[in-house]
Amino acid sequence: MYEMILFDVDGVLLSEKRCFDTTCLAVWELLYSDQALGLPGGDFTPSPDEETIRGVRRDVFDGEKVLEWLKAHGVNSNWDMVALLFGFQLQELLKQLFERQPEFVTRLLKEDLDRESLVRIGERFRGEGMEFLPRYGKVTECLEGMSPDRVDLPGQINRLARAWSGIQPSCFSHGGSLWKLGLDVYQEWYLGGDLYEKQEKKAPLHPEKIGFLKQEIPIVEPSAIRDMLDQLKQSGLTLGIGTGRPSLETQVPLEAMGWLPAFDPDRIVTASDVRRAEKSRSDLGPLGKPHPFTYLKAFGGGASSDADTLAIRLPISGGERVLIVGDSVADLLAARQMGCHFAATLTGPSGEKARAKFEELGADHILQDVTEVLPLIRSLRK
């Protein structure tokens, strides 16, 4: 019988719509803002209306095909999505520019790319009178065949660049300056100017951005989730969170929805915890999902240091008494490594279509939405 339940947030408790909108807007900004590549034709504005947002998302996700591919390949972090989708377009542009300015491009690929690098690339590209039309869906063709548990899919862009440049770049990898730039742009869109400055401790480039954090959409009626969580807690279960959201972006909506008191505060683990651990152990590579660190840290609780968490032997002892509830392949892969049971919710971006994938990968339970966790627990206790 389960003694602990660890919940993902996006796609389980809260809709991922705004997170994915933000991913697409970040890619759009890096391509078309005059403070990035500054490509013509994108009509970039830091204050888009809903029609513009829908259009940007439709383009960047190629309908929703790119998003479905990303989720099926275990890409759980929106920051990694930005790095992968923008990084792919950037290397396609550099490949085109390489034909005219090979020395300039070769020198760039040996650098750790940042915002200034993008401005220089855009200036050179426009100076050559060249045109670039992003083919957003092409990324799935070029990277198809990658293992679904690959933890640094953005880093595979280095392999593509090597094929046409003849050198081995590392600038597209997780954690580099380009990856951090994508993170900053995403955070500014999602938090808005005021909260971005408060959390990231630096001035926003576009303070006029309103931010999406206060526009969160619950998966089902907030009171239904609150009642479910309260009853699970009252039954003696320990409840925790393992999310790819940073701390502030987890606390604000969970508190607003009235859900936060149900969770053990020592078992709420966010992307902020992951970033801290990555800085202390950069030799281990990305620690976000599908790496099990997020859920391992929640399982261990506040008394468990990052070092202790990373030293835990897998599968964990007593893993069968822990249920992880998530909407993605990345969540399932993390649960499998830990030896925990996994309940898949069909409220992620693929909806009911995700059922076949979860069945193929052997999810222990498949639920229409998170409120079915309560009847599941009751049925197992009979």
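What you have here is a predicted model, where local features need pLDDT of at least 70 and side-chain atom pairs count only at pLDDT 80 or more, while totals for chains, interfaces and linings use all residues. Residues are numbered from 1 along each chain as its sequence is written, and side-chain values use heavy atoms, with hydrogens and water left out.

Start with the overall build. For 382 residues, a compact globule would have a radius of gyration near 21 Å, and the chain agrees, with 21 Å. (That radius is taken over C-alpha atoms, and the globule rule is 2.2 Å times the number of residues to the power 0.38.) The chain has 18 helices and six strands, which are DSSP runs numbered from the N terminus: H or I of at least four residues for helices, E of at least two for strands.

Now find the sheet. It is open, with six strands in the order β3-β2-β1-β4-β5-β6 and parallel pairing; two strands pair if DSSP finds at least two bridges between them. At the edges sit β3 (268-269) and β6 (365-367), each pairing on one side only. Further in, β4 (residues 322-326) and β5 (residues 341-345) pair in the parallel sense over four bridges, and Gly 326 stands opposite Ala 344 in β5.

Back to the cavities. There are four of 30 Å³ or more. On a 1 Å grid over the protein atoms alone, a cavity is a set of points where a 1.4 Å probe fits but cannot get out, and lining residues have an atom within 4 Å of a point. Grid points are joined across faces, edges and corners, and a volume is the space filled by probe spheres set on the points.

The largest cavity holds about 200 Å³. Of its 17 lining residues, Ser 77, Ala 271, Val 274, Gly 288 and Lys 289 are the closest to its centre.

Definitions and conventions:
1 Å grid on protein atoms, 1.4 Å probe; cavity = no way out; pocket = protein on both sides within 12 Å on 5 of 7 lines; lining within 4 Å.
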